[in-house]
Structures are given as C-alpha cells and as structure tokens.
Amino acid sequence: MSGLAGLLAGRIDPGVYRWHTELAAADLAESVTGAGWSLKQIADVAETKDEVLGAIGAALGFPAHFGRNLDALWDSLRDLSAPTVLLWETWGCAAYADRAGFDKIVGVLKDRAAEISEDRPAFTVLLRGDGPDTDLADLG
C-alpha cells in the first residue's frame, strides 16, 4: 500500500509530509475525493510569510476576513468541515526565501494535523517538489 493510500485509509496518521510522486493532480484528485477527502492545492509561488498565508487561505477557501497571521491560520484550520489534503507544490520557494516564516507556518499546519476529533476532521499537508532539507517525514 502506498503512503497516500495508507493515509486516506486511516492507516497512517495525518500530518505534514514530504511527498515524492509523479502522479498528476487530476489522478491525485480522483484518489483523494474517492476516499471521501477534499483536495486543495497551492501551485503558485508564494515566498513571504504573508504570501504563503494568503495562498493557504485562498486554497482552503478561508473567509475574506482571514487575518493572514498564525493565530488566524490556526482558527481557520480548526473550522475545516471535511477531511482535507492540502497539496503544496511550491513549498520550496517559501522555505528557501523565508525559512523562519516557513517553519512557523509548518508548525501550525502540523499542530492542526495532529488534532482530530468528531469536530475536527483529518487534515494533511503534502509538500511535493524540490526544497531544502527538513525534518518532515516522507510519505513515500
């Protein structure tokens, strides 16, 4: 079973993972939605913390009043209503441009991924593409 299949089946915990695959976004969407999850994607380059927060907000459909800060990110992530995979294709640009800001954002994403309950559906972030070394696990 691939890492993604294990994740979607609940055999691998949600989290923030590096993910190395050539799978086309359309094929990924079919797999993810077929398992009852929602797929959102960041494909545009965002380098600063403000740009990344804006890209996450746009991808996940946060309300217009989303504050583009870490507290607002946390609050909005907790409002997700369905299991969600966020595919972040351009993460390496942000990590190279503003490592401290990138690490803070990833910290919030990891915290939200670890929080699952009846009121908090599963949330996972897949970092696909090139980027600097991280301590994030590979999904496979």
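A: Helices (H or I, at least four residues) and strands (E, at least two) are DSSP runs, numbered from the N terminus. In those terms, R120 is found in the loop between α6 and β4 (123-128). The model is predicted, so local features need pLDDT of at least 70 and side-chain atom pairs pLDDT 80 or more, while totals for chains, interfaces and linings use all residues. Residues are numbered from 1 along each chain as its sequence is written, and side-chain values use heavy atoms, with hydrogens and water left out.

Q: Why is R120 called buried?
A: Buried means under 20% relative accessible area, exposed over 50%, and partly exposed in between (1.4 Å probe, protein chains only). R120 has a relative accessible area of 19%, so R120 is buried.

Q: What makes the pairing of the side chains of R120 and E115 a polar contact?
A: A polar contact is a pair of N or O atoms within 3.5 Å; within protein, one must be able to donate a hydrogen and the other to accept it, and residues adjacent in sequence count only if both atoms are side-chain atoms. The side chains of R120 and E115 are joined at 3.4 Å.

Q: Which residues does R120 touch, not counting residues up to four places away in sequence?
A: Contact means heavy atoms within 4.5 Å. On that basis R120 touches R78, R112 and E115.

Q: Why are α4 and α6 called roughly parallel?
A: Axes are lines fitted to C-alpha atoms, for helices over the stretch in contact, and angles run from 0 to 180 degrees between N-to-C directions. The axes of α4 (residues 70-78) and α6 (residues 99-114) come within 10 Å and cross at roughly 25°. Angles under 35 degrees count as roughly parallel, over 145 as roughly antiparallel, 65 to 115 as roughly perpendicular and the rest as oblique. α4 and α6 are therefore roughly parallel to each other.

Q: Which residues make the contact of α4 with α6?
A: From α4 come L70, L73, W74, L77 and R78, and from α6 come K104, I105, V108, L109, D111 and R112.

Q: How do you know that L28 is buried?
A: L28, in helix α2 (residues 25-34), has a relative accessible area of 0%, so L28 is buried. Leaving aside neighbours within four places in sequence, L28 is in contact with L4, W19, L23, L39 and L87.

Q: Why does R68 count as partly exposed?
A: R68 lies in the loop between α3 (49-60) and α4. The relative accessibility of R68 is 40%, so R68 counts as partly exposed.
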